[in-house]
Amino acid sequence: MNHEDPVLLHTEGRVRHLTLNRPRALNALNHAMVRLLADALDAAESDDAVVAVLLTGAGERGLCAGGDIRAVRDDALAGGTASLEFWRDEYLLNARIARFRKAYVALMDGLVMGGGVGVSAHGSVRIVTERSRIAMPETGIGFVPDVGGTYLLGAAPGELGTHLALTGESVGAADALLCGLADHFVPADGIAALVASLADCTTPEAVTAAVERHARPATGGVLAAHRGWIDSCYAADTVEEIVDRLAGHGDPAAKQAAATILAKAPTSLKVTLEGLRRARRLGGLEAVLDQEYRVSTAAFAGPDLVEGVRAQIVDKDRDPHWNPAELSQVTDEDVARHFALLGDRELGLAPLPEAGC
């Protein structure tokens, strides 16, 4: 094992460890890492000596801060297509994780954002700690929740997923459990003991039992107390009406959510809401990933992704100039083009949607 590799592989007992290994970049995913993970899953699934894989992130700050969006911006500016190829393989990996036939244990410690959610939250055993901060923050960079994010958030109770998708806000352990983004809470100081006990497991069922023995109740959630205004305000048909309901609500947290949303990219907001609503109708993850690939392809060709990454990551002036700049200027046609079929460029995980979906 080369300790400079972007994904480190080793086996303890009958558990194959997959460690994302770009700690200075918060383990941000690149194309090489996606390919290495896919190959590692293939090898683990065909190896009878392996009963589970364990996904972790190197360093102390988190599992994975998402995809390498600076590289995506550079690719867009150069008129390239490497990002579309990266997303294709990344979304195929997300689907691969969801149907992995052995236990897939994801340690969602620290920061888990965007693509980090994609390589963890589709697993069968998802663990959070008190250090976990989980988010799909794409609307803040002129992009849209992807990697199956609209599937996950669309399935959250009530309108919690809509709130998280539009605001891009992060959640801790208890709220991740509430929203269905994780399964178990294990205190950070208990992780080493958990990992050691996994090495003794000889069946997938034993892996699940070991995690359950180390799990504890999670505290500190905030979303449950806000379900009233979240469910009523975000049930509106349009982003404009959602913002109006939030701004007019008596709860200060609702007013703050309205202000947060209005700072995001208007096109991204409208496409995200439509994507979430469509995802609920599509039902299965693979059909949603197909839809997200269409949306991502359209967003890559638009102006906001390049500008959003500039403002947040490159220049860090936090002053993006969105185009269009206002929600009222984003037309139904602008939204619809993000969902247009791609012909021979389709991701192709599921049958094509019927007209009107």
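1. The largest pocket has a volume of about 860 Å³. A pocket here is an open set of points on a 1 Å grid over the protein atoms alone, with protein on both sides within 12 Å along at least five of seven lines, and lining residues have an atom within 4 Å of a point. Grid points are joined across faces, edges and corners, and a volume is the space filled by probe spheres set on the points. The model is a predicted one, in which local features need pLDDT of at least 70 and side-chain atom pairs count only at pLDDT 80 or more, while totals for chains, interfaces and linings use all residues. Residues are numbered from 1 along each chain as its sequence is written, and side-chain values use heavy atoms, with hydrogens and water left out.

2. The lining of the largest pocket comprises 35 residues, and Ala65, Gly67, Ile69, Met113 and Ile313 lie nearest its centre. Two or more lining residues come from each of helix H2 (69-77), helix H3 (82-98), strand E6 (111-113) and helix H15 (304-314). Helices (H or I, at least four residues) and strands (E, at least two) are DSSP runs, numbered from the N terminus. By class, the lining of the largest pocket has 16 nonpolar, eight polar and 11 charged residues. In this scheme Ala, Val, Leu, Ile, Met, Phe, Trp, Tyr, Cys and Pro count as nonpolar, Asp, Glu, Lys and Arg as charged, and the others, Gly among them, as polar.

3. The second largest pocket holds about 330 Å³ of space. It is lined by 25 residues, with Arg133, Ser170, Gly172, Asp175 and Val222 closest to its centre. Helix H6 (160-167), helix H7 (173-178), helix H10 (227-233) and helix H12 (252-262) each give at least two residues to this lining of the second largest pocket. The class count for the second largest pocket is 12 nonpolar, nine polar and four charged residues.

4. Searching the whole structure gives two cavities of 30 Å³ or more. A cavity is a set of grid points where a 1.4 Å probe fits but cannot get out. The largest cavity contains about 80 Å³ of space. Its lining has 13 residues, of which Val144, Pro145, Thr150, Glu292 and Val295 lie nearest the centre. Helix H13 (266-282) and helix H14 (285-301) each supply at least two residues of the lining of the largest cavity, which has six nonpolar, five polar and two charged residues.

5. The second largest cavity contains about 50 Å³ of space. Val117, Ile134, Ala135, Met136, Leu153, Leu164, Glu169, Val171 and Leu181 line the second largest cavity. By class, these are eight nonpolar, no polar and one charged.

6. An open sheet of six strands runs in the order E1-E2-E3-E5-E7-E9, with mixed pairing. Two strands pair if DSSP finds at least two bridges between them. Strand E1 (7-12) and strand E9 (184-185) are the edge strands, each pairing on one side only.

7. E1 and strand E2 (residues 15-20) pair in the antiparallel sense over six bridges. These two strands form a hairpin with two residues between them, and glycine 13 in the turn has a positive phi of about 65 degrees. The bridge partners include glutamate 12 with valine 15, and leucine 8 with threonine 19. E2 is joined to strand E3 (residues 52-57) by six bridges, and these strands run parallel; valine 15 stands opposite alanine 52 in E3.

8. Six of the six residues of E2 are buried, so E2 is largely enclosed by the rest of the structure. Buried means under 20% relative accessible area, exposed over 50%, and partly exposed in between (1.4 Å probe, protein chains only). Val15, His17 and Thr19 point one way from E2, while Arg16, Leu18 and Leu20 point the other way, and all are buried. In a regular strand the side chains alternate between the two faces of the sheet.

9. Threonine 129 sits in the loop between strand E7 (125-128) and strand E8 (133-135). Threonine 129 is buried, with a relative accessible area of 0%. Its side chain makes a polar contact with the side chain of aspartate 109 at 2.5 Å. A polar contact is a pair of N or O atoms within 3.5 Å; within protein, one must be able to donate a hydrogen and the other to accept it, and residues adjacent in sequence count only if both atoms are side-chain atoms. Not counting residues up to four places away in sequence, threonine 129 touches Met108, Asp109, Gly110, Ala173, Phe185, Val186, Ala188 and Ile191, where contact means heavy atoms within 4.5 Å.
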